[in-house]
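Work through the exercises below with the structure in view. Try each task before reading its solution.

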Amino acid sequence: MQTIGHFINGSLVNNDSQTQDVYNPSTGEVSKKVALGGKKTIGEAVAAAKAAFPAWSKTSPLKRARVMFKFKELLEQNADKICRLIGEEHGKIVHDAAGELQRGIENVEYACAAPELLKGEHSRNVSTDIDSWSEFHPLGVVAGITPFNFPAMVPLWMFPMAIVCGNTFILKPSERDPSSTLFIAQLLQQAGLPEGVINVVNGGKEAVDAILHHPDVKAVSFVGSTPIAEYLYTTAAAQGKRCQALGGAKNHAIVMPDADLDNVVTSLLGAAFGSSGERCMALSVAVAVGDETADKMIAALKPAIKALKFGVHSEKNNDFGPVITEAHKSKVVEHINSAADQGATLVADGSDANPEGYENGFFVGPTLIDNVTKDMDSYKIDNVTKDMDSYKAEIFGPVLQVMRVQTMAEAVQLINDHEYGNGTCIYTRDGEAARHFIDNIEVGMVGVNIPLPVPVASQSFGGWKRSLFGDLAMYGPDGVRFFTRRKTITQRWPSAALREEKQFSMPT
């Protein structure tokens, strides 16, 4: 059985005795093994990156950008293989994998603008014969720790920008679906990247902690769950490292009475069930304003959900595939059951819905839960009302919950009260309502009639509240700022005949 190793200093290596199974989630079978690197392997990767940094940091932004242009070309040429690898290990349907890869390629395209992005700022004659300017310098060795749900896209949010800014990079991808990430790193070297500039180490918590505590790693970028994001951020900060850590989400959509209901239903299906709901931008809660709105929406959703197809990644007609592991499937099913136990209504239950021929796969069918509430009077502990567990949690599965409120103000307050603030949207034809929503919602990424408001590569991706730890969001302009440090120079060349007097007051 194939064992997936690491990519260090331009070579595939595997010196680790500890391995972990990699599953095909459609069949439930072990398809490969992955080596789990630890402190020693991380140390080797950091040493390679540190050795490569001096020459790469002095390479002109134009030459760095040319590598990215070639890299983009290679990604497009090898798209079918990348999507197949994603499908085999993640379960993502081929058309969804292609969309993931394309969004990653867009970040490579943005990185190709390095000569423009890194120009710095210049001011002439800020005082008499004094000029001042800023330069953006690389940090050194930086690292990225990425999740299983986007094994191609999320790494491409990080290392293209880090590398064109002159840094060298250590990538620790998810050990659950590592093959596509490893292959993409090899393509980058084929594009002309010098050895050691990018290194990939597969592993678990030991590898993560080795990155966080290594003195030569200057910055860490992370996408994953909120508990891990908070741990990474606090640990990295304690070590004096720069850190951006993107955490969990509970993304709501407000459905107003004037919304185009046909379009609402169509977009809710894709936003809630696409990629089996394993997206940090998955739209998992529809907040209907008024019972009539909710009843009409539920009535339209029921037959649409029944018509959805889910199954193996290679069948293009499928809408979505399995979840990543058997343990994760059990977790999703527990949330579905708890919602019913705590008073919600199961309109469509996908708890036991493996498609024919894939009975051992990790499938959860499309699930619709109505009458979800934030508070449950019947579940009081010491006179404190308990929140519905399935509402509090990021279920991360193909589950759409429906909540009913009577006013838009209630809906906005409901969203603002949640601990997460990643993404949200409103469905309406009313411009005043949309503007009020945009101005008053406490969420980092907002859509108006757009269910998945993922910013384009020239913007930046990041939530609010406990969805983002750190001061800078991912990719786009914030990506440039995160992977560089500013140096400001103030310069004067006085005349040879000029003799200055002593001056002890602050120069003005």
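**Exercise 1.** In this predicted model, determine how many residues of strand E9 (residues 168-172) are buried, and find which way each residue points.

Solution. Step one: count the covered positions. Five of the five residues of E9 are buried, so the strand is mostly covered. Step two: sort the residues by direction. Thr168, Ile170 and Lys172 point one way, while Phe169 and Leu171 point the other way.

**Exercise 2.** Find how strand E8 (residues 141-145) and E9 run, and how many bridges join them.

Solution. E8 and E9 run parallel and are joined by five bridges. As one example, Gly144 has Leu171 of E9 as its bridge partner.

**Exercise 3.** Decide whether helix H6 (residues 153-164) is enclosed or open, using its buried residues.

Solution. Step one: twelve of the twelve residues of H6 are buried, so the helix is largely enclosed by the rest of the structure. Among them are Met153, Trp157 and Ala162. Step two: look past the end of the helix. Gly166 follows H6 and has a positive phi, near 100°.

**Exercise 4.** Classify the packing of helix H2 (residues 61-77) against H6.

Solution. Step one: the angle is about 150°, and the axes lie 9 Å apart. Step two: angles over 145 degrees count as roughly antiparallel, and H2 and H6 are therefore roughly antiparallel to each other. Step three: list the contact. H2 contributes Arg64, Met68, Phe71 and Leu75, and H6 contributes Leu156, Phe159, Pro160, Ile163 and Val164. Step four: by class, this contact has eight nonpolar, no polar and one charged residues.

Terms used
Residues numbered from 1 in each chain as written. Predicted model: local features only at pLDDT ≥ 70, side-chain atom pairs only at ≥ 80, totals over all residues. Heavy atoms only, no water. Axes fitted to C-alpha atoms, helices over the stretch in contact; angles between N-to-C directions. Helix = DSSP H or I, 4+ residues; strand = E, 2+ residues; numbered from the N terminus. Parallel < 35°, antiparallel > 145°, perpendicular 65-115°, else oblique. Contact = heavy atoms within 4.5 Å. Nonpolar A, V, L, I, M, F, W, Y, C, P; charged D, E, K, R; others polar. Buried < 20%, exposed > 50% of the residue type's maximum accessible area, 1.4 Å probe, protein only. Pairing = 2+ DSSP bridges.
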